[in-house]
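Subject: Structure handover

Hello,

My notes on helix packing, the cavity and the pocket follow below it.

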Amino acid sequence: MGVRFEDLFEAFAFVTGGGFVEHRAFVHRESGEVLFWSDDLEWFDDDPPEGVEYPDDLGPEWIEVPDPGHLDLGRALVRRFVEAHIPDEARTVEGFFRRKGAYRRFKDFLYDRGLLETWYRFEEEAQRSALRQWAKDEGLTLVEE
């Protein structure tokens, strides 16, 4: 078997969107089953395997879905976008990341220049590519549909 790539991408989005609450997701190496965990909701979407109460109880056949930081999708991705689309604004964008609220300011900056949708497409493509590479590195078989 394998894991459906769209299920894996959904799990990645879940992990990414945690905000102030920790969100974690796990994929079974062989069956491709995906489990979701949140500090405030605990397990949801599916019941965990028998005898598993917390994520740390999962066996080695389960692998945790990475967050963007583990896939080099933070500031490095912003730099790649700026180099590709607005290289003359590199100093301005770099300045956003010297204080809190950098991503909000960056997105406002892009919106004002009509580039916000371009950023979202660029970001998603990079996320998908990095997640595919991560899955390959972890020995997961991806099922594309």
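First, the axis convention: axes are lines fitted to C-alpha atoms, for helices over the stretch in contact, and angles run from 0 to 180 degrees between N-to-C directions. Helices are DSSP runs of H or I with at least four residues, while strands are E runs of at least two; both are numbered from the N terminus.

The model is predicted, so to speak of local features needs pLDDT of at least 70, and side-chain atom pairs count only at pLDDT 80 or more, while totals for chains, interfaces and linings use all residues.

The axes of α2 and helix α5 (residues 116–137) come within 11 Å. They cross at roughly 125 degrees. That makes α2 oblique to α5. On this scale, angles under 35 degrees are roughly parallel, over 145 roughly antiparallel, 65 to 115 roughly perpendicular and the rest oblique. The crossing of α2 and α5 is right-handed. A crossing is right-handed if the near helix is turned clockwise from the far one by less than a right angle, and left-handed if anticlockwise.

Contact means heavy atoms within 4.5 Å. From α2, the residues in contact are Leu 77, Val 78, Arg 80, Phe 81 and His 85. They meet Thr 118, Trp 119, Phe 122, Glu 123 and Ala 126 in α5. By class, this contact of α2 with α5 has six nonpolar, two polar and two charged residues. Ala, Val, Leu, Ile, Met, Phe, Trp, Tyr, Cys and Pro count as nonpolar, Asp, Glu, Lys and Arg as charged, and the others, Gly among them, as polar.

**α2 and α4**

Helix α2 (residues 75–85) packs with helix α4 (residues 102–112) at about 20 degrees. Their axes are 13 Å apart. α2 and α4 are therefore roughly parallel to each other. The crossing of α2 past α4 is left-handed. α2 brings Arg 75, Val 78, Phe 81 and Val 82 to the contact, and α4 brings Tyr 103, Phe 106 and Leu 110. The contact of α2 with α4 has six nonpolar residues, no polar ones and one charged.

**α1 and α5**

Helix α1 (residues 5–16) and α5 pack at an angle of about 110 degrees, with axes 11 Å apart. α1 and α5 are therefore roughly perpendicular to each other. Their crossing is right-handed. The α1 side of the contact is Phe 5, Glu 6, Leu 8, Phe 9 and Phe 12. The α5 side is Glu 124, Gln 127, Arg 128, Leu 131, Arg 132, Trp 134 and Ala 135. Seven residues of the contact of α1 with α5 are nonpolar, one is polar and four are charged.

**Cavity and pocket**

The search ran on a 1 Å grid over the protein atoms alone. A cavity is a set of points where a 1.4 Å probe fits but cannot get out; a pocket is an open set with protein on both sides within 12 Å along at least five of seven lines. Lining residues have an atom within 4 Å of a point. Grid points are joined across faces, edges and corners, and a volume is the space filled by probe spheres set on the points.

The whole structure has one cavity of 30 Å³ or more. About 30 Å³ of space lies in the largest cavity. Its lining is Arg 75, Val 78, Arg 79, Val 93, Glu 94 and Phe 97. α2 and α3 (90–96) are the elements that give two or more residues to this lining. α2 gives the most, with three residues. The lining of the largest cavity divides into three nonpolar, no polar and three charged residues.

The largest pocket holds about 210 Å³ of space. It is lined by 13 residues, of which Thr 16, Lys 107, Trp 119, Glu 123 and Gln 127 are the closest to its centre. α2, α4 and α5 each give two or more residues to the lining of the largest pocket. The largest share, five residues, comes from α5. By class, this lining has seven nonpolar, three polar and three charged residues.

Best wishes

Note on methods. Residues numbered from 1 in each chain as written. Heavy atoms only, no water.
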